[in-house]
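Visitor: I would like to learn how to read an interface and a sheet. Can you take me through an example?

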Amino acid sequence: MSKILVVDDEKSIRITFRIFLSEEGHEVFVAEDAETALKIFNEQDLDLIITDIVLRKMSGLDFIKIVKAENPNIPIVIMTGSPEINTAMEVMKYEASDYIIKPISKEKLLEKVKSILKTFNRGL
Amino acid sequence: MHEKKPRNINFNAKLKAFRITLIYFVLGCVWIIFSDKIVDNLFVHSKDIITVSILKGLFYVVTTSAMVYTLIYPSFMKLKQNEERLHRSQKIANSGSWEINADSDMLLASDHFFHLLNLNTKTNLISIESIIDLIHEHERELFLKTISDLMTDKKKKAEMQYRIKPQGKDEFFCFNCIAENEHDKNGKVTKVLGVMLDITQIRRLEEERNLMKDQSWNQQKLESIGTLASGIAHEINNPINGIMNYGQIIQDSTESDSEINRYAKDIIYETNRVSEIVANLLEFSRQPEKQVSFARFEDIVFKTLSLVNTVFKHDNIILSAVVDENIPECKCKSQQIQQVIMNLLTNSRDSLNEKYPGYHENKKIELECHGFVKNNIGYISVSVKDFGMGISEEVGHRIFDPFFTTKDRSKGTGLGLSISYGIVKEHHGELTFESQKGEFTKFTMIIPCEN
């Protein structure tokens with residue numbers, strides 16, 4: 001069981017991702033903006049953060065920067081609805097671990113989460 | 001002043017002609033009077049006198065003929081030179097002159113007038129009706145009214161622009177026509193005279209200039225569409241992901257053979273379709289790629305088809321696609337190749353819609369994509385065939401010219417095929433076409449594959 005934080009301003013994503021990941025036995029936290037997310041990040045010992053790049057108030061990338069400054073080892077997966085050629089570059093630039101292109105099916109989401117947790121030896 | 005000058009010239013010419021005639025008259029009289037006297041004094045025998053008289057007569061005829069020749073030849077030469085000068089200046093100015101006599105239905109025109117209209121004549125005469133047939137149907141009435149106004153003296157001068165399709169040509173040329181009427185002593189109109197100037201090139205340049213402006217504006221618009229598409233993709237993909245996931249939750253929480261479960265599956269399937277279309281649109285609207293990469297033509301073709309499918313369905317166009325499976329990946333700029341296919345499909349669509357505004361069993365496009373090997377080099381060919389308007393030989397010669405279009409300016413910029421041609425050439429390929437006017441058009445792009 002792992003502690004996963006899902007950051008997205010889209011309510012449907014927060015609700016459904018929570019259901020999917022909870023079903024797998026993970027403890028899921030959700031946040032609709034970076035501010036709430038940082039609060040949870042500071043309170044919980046998270047194993048994985050899944051965040052959208054586009055967030056209200058603070059961009060997802062700025063959020064990652066702050067998180068990485070505090071905990072460089074935490075795996076972060078970024079989500080994007082408009083994949084650009086440089087998405088992969090952005091992932092590397094912000095030291096995120098991987099990326100998800102929306103829309104993503106339940107199956108693929110779980111697969112991705114599983115493989116990342118495995119790579120980072122978390123929650124196993 | 002303008003009126004006086006020609007009169008002076010006329011008077012001088014008359015005086016000159018009168019002097020020459022007078023000299024000839026005096027010399028002739030002197031010759032008749034004195035030659036006979038000289039002959040009478042020199043010859044006695046009547047036989048000799050007859051012979052000398054005949055010789056005298058011959059001498060007279062020869063000298064008179066020589067005089068007539070020397071007098072007439074320069075005039076004819078001058079006339080001919082003037083005619084040639086007129087022809088040459090009309091040729092340089094790409095213009096022609098014409099006149100219509102009152103109460104006549106024939107038009108008398110210069111050689112270059114007939115050349116401009118691609119007409120053959122020996123008499124330089126042609127019926128007005130034949131000319132009207134060449135004028136654009138929307139402008140025929142205007143032409144007739146202008147001529148009638150000039151003939152009835154309602155107008156003294158008129159200037160109009162007409163689109164005229166020269167005999168046997170497929171496209172209209174633009175002419176500027178200036179005409180005025182001529183009166184007799186009683187003020188009655190005797191004829192209408194006019195000149196016409198081919199301003200097609202000027203018009204084209206003007207249009208091109210305007211198009212350049214539009215184009216740079218369009219370019220900016222396209223760039224902003226690219227940015228917009230990315231934003232839209234984000235906005236659409238988010239809720240789509242939500243719908244997809246809710247569908248999944250419903251599917252997970254219902255019996256697998258239940259109706260609701262089936263509906264939920266359909267929801268997921270449909271959301272996948274939407275996201276695929278958004279992804280293709282996003283890819284299409286992206287800034288041009290600078291790098292070549294390996295791509296499967298099968299993917300490029302189907303991505304393009306997914307973008308046009310709805311529009312084609314709406315237009316009742318039957319689209320069939322035959323794509324070879326297992327065509328190896330090819331090094332290319334896939335977005336640009338997609339642009340070429342998109343352009344060919346759009347042209348076919350426009351042509352079919354022009355021919356069949358509604359449904360027709362022949363309103364179809366056949367797309368084929370094959371791979372083949374020739375001289376140890378792999379090639380990929382993509383052909384788009386439609387059964388629309390077809391291309392005439394004349395249009396065919398200019399089809400790849402930039403800014404050349406047969407479509408309405410609001411519909412086409414005349415750049416699609418020239419850009420496509422450029423893209424295919426950049427890929428070291430060939431873009432060719434075969435067509436039969438009124439029957440079909442088939443464009444084929446052949447791209448060599450390095451691998």
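Guide: We take the interface, then the sheet. Keep in mind that this is a predicted model.

Visitor: How much area do chain A and chain B bury between them?

Guide: The size of an interface is often given as the accessible area lost when the parts come together. Here chain A and chain B bury about 1700 Å². Of that, 58% is on carbon and sulfur atoms. The contact takes 22 residues from chain A and 18 residues from chain B.

Visitor: Which residues form the salt bridge between chain A and chain B?

Guide: The count is 1 salt bridge. A:Lys106 pairs with B:Asp252, and their closest N and O atoms are 2.3 Å apart. On the side of chain A that touches chain B, helix α1 (residues 11-23) gives the most, with 8 residues. By class, that side has 10 nonpolar, 5 polar and 7 charged residues.

Visitor: Now the sheet. In what order do the strands of chain A stand?

Guide: Strands of a sheet pair through backbone hydrogen bonds, either parallel or antiparallel. In chain A, 5 strands form an open sheet, β2-β1-β3-β4-β5, with parallel pairing.

Visitor: Why is one side of β2 and of β5 in chain A left without a neighbour?

Guide: Both stand at the edges, each with a single partner strand, so one side of each has no neighbour in the sheet. Neighbouring strands are turned by 20 degrees against each other on average, direction ignored.

Visitor: What joins β1 to β3 in chain A?

Guide: 4 bridges. In one of them, A:Ile4 has A:Leu48 in β3(A) as its partner. Helix α3 (residues 60-70) of chain A packs on the sheet, touching β1, β3 and β4. Its direction makes about 160 degrees with that of β3(A).

How values were computed: Residues are numbered from 1 along each chain as its sequence is written. Chains are lettered from A and ligands numbered from 1 in the order in which they are written. This is a predicted model: local features need pLDDT of at least 70, side-chain atom pairs count only at pLDDT 80 or more; totals for chains, interfaces and linings use all residues. Side-chain values use heavy atoms; hydrogens and water are left out. Contact means heavy atoms within 4.5 Å. Buried area is the accessible area (1.4 Å probe) that two parts lose on being put together, summed over both. A salt bridge is a side-chain nitrogen of Lys or Arg within 4 Å of a carboxyl oxygen of Asp or Glu. Helices (H or I, at least four residues) and strands (E, at least two) are DSSP runs, numbered from the N terminus. Ala, Val, Leu, Ile, Met, Phe, Trp, Tyr, Cys and Pro count as nonpolar, Asp, Glu, Lys and Arg as charged, and the others, Gly among them, as polar. Two strands pair if DSSP finds at least two bridges between them. Axes are lines fitted to C-alpha atoms, for helices over the stretch in contact, and angles run from 0 to 180 degrees between N-to-C directions.
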